[in-house]
Amino acid sequence: MKFLGRTEQRKKLHRMIDKSGQTVSLVYGRRRVGKSELIKQVLRESDLPGIYYECKQTTELNNVDSLALLIAAEYNLPRPAFRSIEETLDFLFQKACRENMIFVLDEYSYLRDCVKGMDSILQALLDRYSDRSALKLILCGSYVDTMESLLYHENPLYGRVDLTINLKPMDYFESALFYLPFSEEDKVRLYSVFGGIPYYNRLIDPALTVRENIMEIIASPGARLENEVSMYLRSEISRLINANEVFDAMARGFSKYSDILSQSHVSSGPAMVDVLDKLIRMEMVEKQAPINDEHNRKRIGYRIVDNLTLFYYRYIFRYLSQMNVMEPELFYDRYIKEDFETAYVPRIFETVCRQYLIRLNRCGLLEEPFEKIGRYYYDDPVRKRNGEFDIVTKDAKGYIFYEAKFRREPVTEEMIRTEIAQVEKAGFQCYKYGFFSRSGFLAKQAEHLILITLENLYR
């Protein structure tokens, strides 16, 4: 299957491999994000010989034996009788003194768990062969906390990592490479369910509709990803009940700490803090503050950033009993269809629009590059109300307000005037106003307006 996306990460790894001498690269990120496939693709693209070893959750000697088999196959040798992982790695470092080679330790945290002092062993070998070896070492892992700890000052490997890649989910644009035959509207819908995880997006069948893909992949008993979210959480979190409660509350639209606590059945504030902290470190939840009041703890909100997790808790977790006794078509039409189209996808569309603006900003394609993007909090004591505008950028000239409309009707001049009037009533001063529209515009372009269609998003 053709490898898609990750252009910048591939370039960085190739630059590190092409350097003279010994190099160490660290690639980590959440499960299913595509770390292993990225590294394997780089190995396929490189002319250097390479050994790719996926560490196992077993004993040191079992890992030694498995790695010895790979070494024997790569160098056409009888199987070496190594006695420890240190002896095995020393052999490879010596080999790399005579020829450039790539060596990958995938799921490195498993090796750390079964070999006492593994980081120190690796540090000693790197230092011993630093002036002689041309080994291109790549360490990869899914346990983000563990992999990031390798960069800490107190870790033996501190200062020895030349390249660090924290691999994030793809944005909406790269994700759409997996389902190019679909319309722009349907690309937004598919991204709203499967997000930027390559493993999920490869399951999408272009011969099926969005509705059929959703039923086939997650919204039916025995579907491929029916238990994906719960299994992932169970492997990472000891108290799954608290995580379920928090996700359920957030999937219903609650974002403030106090609201999540009151709507869930988490036993205490400290327990809530613990589970939120863990979910943030797992990169499944994001902590957000308005860009105009970043240090006000009362304004902080939390949202689920993994789309499959959000979809799962909004529709599958909540209605699991119904799904298990109904035909998939009936279940979809009764519990997903309307809310998905009128509330769920429009919410994710806002995320897509933010990602679009960030892409333009990074590419230098905006007239005025912005320094911040996020939500803007307003407080109107006269009218005794407050709220947030969802997409706002701040640049050297001031603020630009954006509104995202995922609706069947085109955005008209009257709609634009109404939105601008609402912003001005809140006392929010902007020098431009932007509008994203699924169905285009019945309005004229103007100096103070930025009008963006779905076609613009996918060019």
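Tutor: Rings of Phe, Tyr and Trp count as a pair if their centres lie within 6.5 Å. The model shown here is predicted.

Student: How many aromatic pairs does a search of the whole structure find?

Tutor: A pair of aromatic rings is described by the distance of the centres and the angle of the planes. When the whole structure is searched, the number of aromatic pairs found is 27.

Student: Are the rings of phenylalanine 82 and phenylalanine 91 stacked, edge-to-face or tilted?

Tutor: Planes under 30 degrees apart count as stacked and those over 60 as edge-to-face, with the rest tilted. The centres of phenylalanine 82 and phenylalanine 91 are 5.5 Å apart and their planes stand at 55°, so this pair is tilted.

Student: What is the arrangement of tyrosine 199 and tyrosine 200?

Tutor: Their ring centres are 6.1 Å apart. The planes are at 70°, and the cut-off for this class is over 60. The pair is therefore edge-to-face.

Student: Is tyrosine 200 buried or exposed?

Tutor: Buried means under 20% relative accessible area. Tyrosine 199, at 27%, is partly exposed. Tyrosine 200 has a relative accessibility of 2%, so it counts as buried.

Student: Which residue lies over the face of tyrosine 199?

Tutor: A charge sits over a ring if, for Arg, CZ is within 6 Å of the ring centre and within 35 degrees of the ring normal. At 3.8 Å from the ring centre of tyrosine 199, the residue over its face is arginine 32.

Note on methods: Residues numbered from 1 in each chain as written. Predicted model: local features only at pLDDT ≥ 70, side-chain atom pairs only at ≥ 80, totals over all residues. Heavy atoms only, no water. Phe/Tyr/Trp six-rings, centres within 6.5 Å; stacked < 30°, edge-to-face > 60°. Buried < 20%, exposed > 50% of the residue type's maximum accessible area, 1.4 Å probe, protein only.
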